[in-house]
Amino acid sequence: MPEATLPTEKRVRQFRQILVWPLQLMPIHAGSQIQKHWELLQRSGADNPWREVDDVFPDDPARFHAQQYHEFITFLPHVQRFLYGESRTARQERVDGASPMRVFRRDDIAAVRLTPHPDSAPLTLQVARVDLHFFFDIDVVQLVVEVAADDLTLFQAQDTLYRFGRAYPAGWDDTGQGVHCLHRVEWLAADGGTLAVSDFEKRDKYLSFVGRHRAPCIAAHWDFLLRPLVPDHADEPGLIRYRQLEYYRMPVIAWLAVDNPRSLSRSDFIRLGLLTAASEQQSLPYADRHVADFELRYCYDRYWGDAIDGPPTRFLCCGHALVIVGDASSPQFTGAETGMLAQFRHQYFLLFLIAHFQKASLLMFSDRLVEALNRLDIHHPESVKEFKRVIRQLFEIFLRFTHRYWFHELSDLAQSRALYRMCVDHLGTESLFDEVRDEIREMSEYLDSDSLRRQANTVVRLTMVTTFGLIGSVTTGFLGMNLIAAADSPPAVKLLYFFLTLIPTTWLTLYTVVKSKRLSDFLEALSDERLPQRAKFGALVAVWRSRKPAG
């Protein structure tokens with residue numbers, strides 16, 4: 001009997017997978033703090049497949065649905081302002097900052113065909129949405145790809161979760177096929193035509209790119225999906241350029257409706273929750289000790305138990321993935337408008353997106369700090385000035401990020417609050433925030449101390465000029481200012497006297513500035529009552545003594 005018809009085979013009646021891929025956007029205007037990349041996308045040519053979505057949260061009450069209302073009230077007010085902006089009246093009064101998140105969508109991709117291995121049958125999934133999420137004042141964009149399928153085997157679902165979201169292959173096996181990724185990925189149009197195909201098997205392409213650019217090469221089908229955005233290290237031109245921020249495995253949120261959730265074994269849940277490789281065997285993917293606390297660390301079992309009122313539902317979260325498993329026969333779980341499916345595509349998706357946006361933003365700040373340090377050349381004043389300007393800009397942007405996008409709680413609902421906390425804890429976002437904040441603060445404190453040092457040196461020089469200029473001022477004041485009676489002299493004679501006085505006075509002032517540091521040391525030695533007269537005289541002689549170069 002074929003494997004697909006075995007009566008004991010576990011099946012996933014409905015399957016949803018959403019990839020959330022954060023990317024760093026490179027600046028488009030040098031020296032500008034706020035880079036509005038979406039404006040370039042709006043002005044792209046007719047071949048640009050991306051169009052801004054204006055009905056994510058429509059102003060027209062006739063287009064506003066109950067699910068959007070449930071989504072809105074899930075979040076706290078400060079999160080609502082982040083996700084949905086302000087009302088139309090407020091947007092007219094404040095243009096900038098009124099829409100913290102801009103969403104662009106392409107509708108030319110209808111399905112994706114996945115071929116796991118060279119000798120396996122392809123699996124076709126419907127593409128529900130392909131979006132780009134831009135954020136005001138933060139140079140991060142998130143690619144969102146949602147796929148759906150019906151009546152899969154559990155093995156197919158696990159294998160898709162494990163292999164699909166790979167930006168490039170981890171390596172190659174003896175046959176030249178990519179490791180841990182699908183053999184072939186094809187984006188399909190509505191008429192079934194192929195729009196783009198993966199190239200995981202092109203080993204030389206990936207090796208040569210890394211060798212030349214010290215950066216990974218993005219697979220062809222993902223590169224096609226992001227167009228007209230281009231990788232920053234690519235040789236081709238592009239107005240909007242991006243860099244990879246996280247691991248090459250894209251974060252994923254998934255929803256599985258199975259016949260009997262309680263029939264899944266512990267190893268099944270571990271493979272789903274930790275996104276490990278699929279297996280027909282019921283053995284654990286890791287050692288017993290490694291997964292001994294799996295239920296405690298990665299499972300949210302508020303609705304998972306024998307005595308619960310309602311269908312069993314289990315939430316699995318490891319930070320990189322959030323997986324929801326429930327009963328396919330329950331309308332409460334499969335309802336597209338009011339059930340768990342609707343919450344998965346809206347509330348839980350946004351919860352997951354926010355958690356990864358925050359981490360991506362912090363990684364972006366860290367990358368900018370490293371880049372600023374790499375460009376710093378302490379021997380060139382212009383490089384030092386540019387470094388100071390970049391650090392101060394980063395400090396200002398980080399402050400705005402902290403007050404606009406950083407929060408510890410996003411909902412008062414126990415379930416949403418707990419899942420967000422699990423995501424953040426597993427991602428280590430709060431420790432990363434502390435690390436980036438301390439790095440930026442140390443940079444800012446160093447610049448402040450350097451400015452104070454320079455100001456102190458300037459004060460020393462001015463003090464020396466004033467001190468030694470006081471001698472001449474008192475002397476000329478005592479003798480009187482009319483040493484030379486030239487009031488009735490011709491203008492040419494007066495001009496001559498003026499320059500005869502100006503030139504030596506200017507030279508003496510500048511010479512005092514040049515020797516101000518040594519003169520300051522001499523005055524300090526002169527005022528020290530513990531030093532003998534010989535040492536004080538030596539400090540005076542040292543003002544004109546040439547110093548040997550170091551080394």
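Mentor: The largest cavity has a volume of about 40 Å³, a volume being the space filled by probe spheres set on grid points that are joined across faces, edges and corners. A cavity here is a set of points, on a 1 Å grid over the protein atoms alone, where a 1.4 Å probe fits but cannot get out; lining residues have an atom within 4 Å of a point. The structure holds one cavity of 30 Å³ or more. This is a predicted model, in which local features need pLDDT of at least 70 and side-chain atom pairs count only at pLDDT 80 or more, while totals for chains, interfaces and linings use all residues. Residues are numbered from 1 along each chain as its sequence is written, and side-chain values use heavy atoms, with hydrogens and water left out.

The lining of the largest cavity consists of Q17, L19, L161, Y162, G165, R249, M250, V252, L275 and H320. Two elements, β1 (11-25) and α5 (154-163), each give two or more residues to this lining; helices (H or I, at least four residues) and strands (E, at least two) are DSSP runs, numbered from the N terminus. By class, six lining residues are nonpolar, three are polar and one is charged. In this scheme Ala, Val, Leu, Ile, Met, Phe, Trp, Tyr, Cys and Pro count as nonpolar, Asp, Glu, Lys and Arg as charged, and the others, Gly among them, as polar.

Note on methods. On a 1 Å grid over the protein atoms alone, a cavity is a set of points where a 1.4 Å probe fits but cannot get out, and a pocket is an open set with protein on both sides within 12 Å along at least five of seven lines; lining residues have an atom within 4 Å of a point.
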